[in-house]
Amino acid sequence: MGLYIVRRFLYMIPTVILISIVAFMIIQLPPGDYLSTLVARYEAEGETLDQEYVSRLREIYGLGRPVHVQYWLWIRGIITRGDFGRSFAWGRPVSALIWTRLGLTFVLSLTTTLFIWIVALPVGIYSAIRQYTVGDYVVTTLGFVGLATPNFLLALIFMYIGFSVFGQTVGGLFSPEFVSAPWSIPRFLNMLSHLWIPVVVLGTAGTAGLIRHTRANLLDELRKPYVVTARAKGLPEWKVILKYPVRIALNFFVSAQATILVTLVSGAAIVSIVLSLPTTGPLLLRALQSQDMYLAASFILMLSVMNVLSTLISDIALAWLDPRIRYT
Amino acid sequence: MTADGRNDPTGHQSSGPATPETGVGELSDPDVLGHAAPSVDIAGGEDEMAMLGQWKLMWIRFKRHRLAMVGVVLVAFFYFLAIFAEFLSPQSPHDYNRHYPYAPPQRLHLFLRDGDQLRFRPHVYGYTSTVDPASFRRTFAIDDDQIIPVRLLPQGPEYRMWNLIPMSRRLFGPVEPGAPMFLLGADRLGRDLLTRIVYGARVSMTIGLVGVAFSLIIGIIMGGISGYFGGVADNIIQRTIEFLQSIPQIPLWMGLAAAIPQGTDPLLVYFLITVILSVLGWTGLARVVRGRFYSLKTEDFVIAARVDGCSSLRIIMRHMVPSFLSHIIATVTLAVPTMIIAETSLSFLGLGLRPPVVSWGVLLQAAQSVQVIANFPWLLLPGLGVFFAVLGFNFLGDGLRDAADPYATG
Amino acid sequence: MPDNNLLTVDELKTYFFTDEGVVKAVDGLTLEVPRGRTLGVVGESGSGKSVGARSLMQLVDPPGRIVEGSIMLNRADGSTVDISSLDPRGPAIRAIRGDEIAMIFQEPMSSLSPVHTVGDQIGEMIELHWGYTKAQARDRVLELLQQVEMPKARGVIDSYTFELSGGMRQRAMIAMGLACDPSLLIADEPTTALDVTTQAVILDLIRRLQESFGMSVLFITHALGVIAELADHVAVMYLGSVVEQGSVMDVFHRPQHPYTRSLLRSIPSLGLEKKRRLEAIRGMVPHPFNRPGGCPFHNRCPEFMPGVCDQLVPPLEHLDAGRTVRCLLHSDVDEVRARQEEQAAAEREAAAGEAAAQRSVGKRGGESR
């Protein structure tokens, strides 16, 4: 088991390196860079920027150098000093901008995962055991509806309902008085009271998907011969189902977690933009649009690392649950 | 072949409810043999009847799947809209009317009270507008006194069907050309939302297909190599897939889409977006194909073909692909809605398709702020298009999958 | 007679109600399982032997269910219970399962849970039925594993099934079957999934265990050779019913039913008539939906009597003690015809009376699947 974890952990390192390269490359894709865009914008407005100032900035940010040198400087900064470079648009170090937002993205994704588990597991089991009953049909229908609604559309609908029915805006993670307050228990509670809307918006599709997944897998397991064996032992029906097929379907459930977290982190970006949450999404969008390369690349890198880590955790959980993986 | 016929290469269930021995499994079960034998013929492509047998069985199961039938209707409806958008919509998508920005939806009335009796006179009511002196915001009210008659096949400005056939009649519209008829309301520039949703179907419904087609080509090639040859190639491709899937897709798409320069030709943007969607889209398909190859590789009929000295390409194309084609079709159908949602989301963020292209995502872009939604909620209507199209594809794909393999897991 | 029989199955019918129609998997199964003896049930695939065996423990999954007949279990204390009348999910049948009647299955790999240890899966029965603690159960499991001659029993108890070989898995399965000292052990083709040498070893093990435990064994197989080696009595099944039953010697040497005769002629034997060609039975087992009327074997039977076998359902005829056959060659055809016509007339009358009510019920049943 320990060996397995170590192996999976080592496995992660090349992936992260590759991701960092890809993240950096993506940012280089659009023609020009932040400064040339800036200069062009000034010129369009009939102003000129001091050439010397521009070339000095170019020097500071290493923009004139070849891409691989820029990458090397950036990645070295991250590894040695935790320095992700500077954001052009904000004029501040990237590390000063990303951590709280990443933290909130993490909190949002984690809460949503919990929400999905709490809803999807029991509902999925119910739906499979009571296949073709009214309850199963209701669950299946709701599942389809949940899957067919894009996250952002659901967010818009929530916003509309919040505004027209309750007369309040549902965006943000904090009430106005807490937005820039330091962390405290009231601020945390305030966040929780706002968090449920993005959690529901973000979790709906995942819940629907996981319910279908759990149901399908459990139905599959319920047909396996070992279920008959368990019945033939004389075990009560609830124990037959919980101890054997549900336990094995749990493996699928856990292995589905990796995919779910990936879609959550990624879905959180767009939901946050719509609901204007102070998470990574809105800032990433702006950074991409203005070619604020270090900021954008750092976001993509860190979100990917979050994904890789969550995959790792779910793999370890799976190995812990399933002896077939643990022993091979 | 396992006890329950799961690995039956034709994918049809051979001993399920029909034979009482399900789950017990009998190696010499004549029923299994009776069904498995034609599957070998299918692979050989020699027996046309046996081929028919597989698809016919699938069709029988598919027809019984009620949700799938709903899916067929929904999907067919949207493609019908997409194909005949010019004729079906009352206006041209770029016709704007500066007198009616954000005009609210009108109700279509079929009967007109004429004295004591009701006459069949389809019509809508016109608007009266007032401009708020403080905010300069124009507000509309439906005016019962202005009756705008509506008819089928009215004469209107000339347009070209599919950019080819000159026509002047559309399916329905106001009798008098240019009279305000906004059944689903108007947007900021006074363009008819109904028209734009119908036209939006054209882009949104095809971008999924094109994206899936790209993904499918890459997916089958990569998955095929991975599953058939295994070894190093398999390892490399699997690591690549894992790697691509570890990057959060929306940020990745956002990053790639942001790289498309402003002012790029709309057609090229359309093409590039499909390519971007396929960057991740193929990974899922490749996994399915690989899995199928893996399980088929050890099937007797494939081994037999190999012993006979068939080339790899021939074994793949003639023997293996036909036996899992139905699964691929089902998987592809289930991949289309993901693409539709992805396009809509990207365009909504302003990173995907851009005006003047009309897609559901582009239309929803107009509904980004609370103020706009609160005042003009009809701008959310293109979302219904997305919803029903995705629902239709999911129903359809589910039905296909169940028909192709009743025991597949979700 | 019944005193000597542990289990008496009479006219058992288990039908599957599928969308495509009703599959009569077991249709009039009549069996007697003698106490402390081995009864072999032999039949081609699709003859309903597995479903029949599962019916004995009420283990048939929906849409299948027992529709008619009785399964009388005669306990050692003289009491009798009809298993077919018990609720398939009720506590009464659960108390019988695993404790009085145990079952071992064809595929030990898929019939055992891949994520629980062998010890856990066997021990839980002992805890359940005998109220043992975990530690007591563990000792018993170890003892059982040694009785089934499991190599390295001490290690196996904490192993998972994927770590064991096919033969070891089947030994574990057998240990599970014996866990609570059942009075009847049903073995559903326990050696089919094993290779030939392991088959022989496992068969030998089952025979020795039967002797030392003194239980009855119901052994299901499609191999006549296995029956000859293992069983005291044999029941030959065809399309859901027993066509012939009797002692192995008797049935094999004096087969009374044309099907049994055909079966016996289709096995190769060493050294006997050298030039004899093996005979195959004409045709195929009919599809469950196309069951022939009359005697289900009539369209493959070499002794088919036109106008008789395709019209009359052969009744069960008792030849000697414990020797039965279901063939019209052994029945008084005129009497059978008279009786069945009378019965059909009575049924028609009853059906006409209930027609209206039946139709509405049938319709509703058809809609909810």
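Buried area is the accessible area (1.4 Å probe) that two parts lose on being put together, summed over both. The structure is a predicted model, in which local features need pLDDT of at least 70, side-chain atom pairs count only at pLDDT 80 or more, and totals for chains, interfaces and linings use all residues. Residues are numbered from 1 along each chain as its sequence is written, chains are lettered from A in the order in which they are written, and side-chain values use heavy atoms, with hydrogens and water left out.

**Exercise 1.** Describe the interface of chain B and chain A by its residues and its buried area.

*Solution.* 
Step 1. Take contact as heavy atoms within 4.5 Å. Chain A then contributes 48 residues, and chain B contributes 48 residues.
Step 2. Turn to the area. About 4000 Å² is buried between the two chains, and carbon and sulfur atoms give 78% of this area.

**Exercise 2.** Find the salt bridge between chain B and chain A, then state which helices of chain B supply its side of the contact.

*Solution.* 
Step 1. Apply the rule: a side-chain nitrogen of Lys or Arg lies within 4 Å of a carboxyl oxygen of Asp or Glu. One salt bridge is found across this interface.
Step 2. Name the pair. R212(A) is bridged to D398(B), with 2.9 Å between the closest N and O atoms.
Step 3. List the helices (DSSP runs of H or I, at least four residues, numbered from the N terminus). In chain B, at least two residues each come from α6 (231–246), α7 (249–258), α10 (312–349), α12 (370–375) and α13 (382–404). The largest share, nine residues, belongs to α13(B).
Step 4. Sort the residues of this side by class, where Ala, Val, Leu, Ile, Met, Phe, Trp, Tyr, Cys and Pro are nonpolar, Asp, Glu, Lys and Arg are charged, and the others, Gly among them, are polar. There are 30 nonpolar, 13 polar and five charged residues on the side of chain B that touches chain A.
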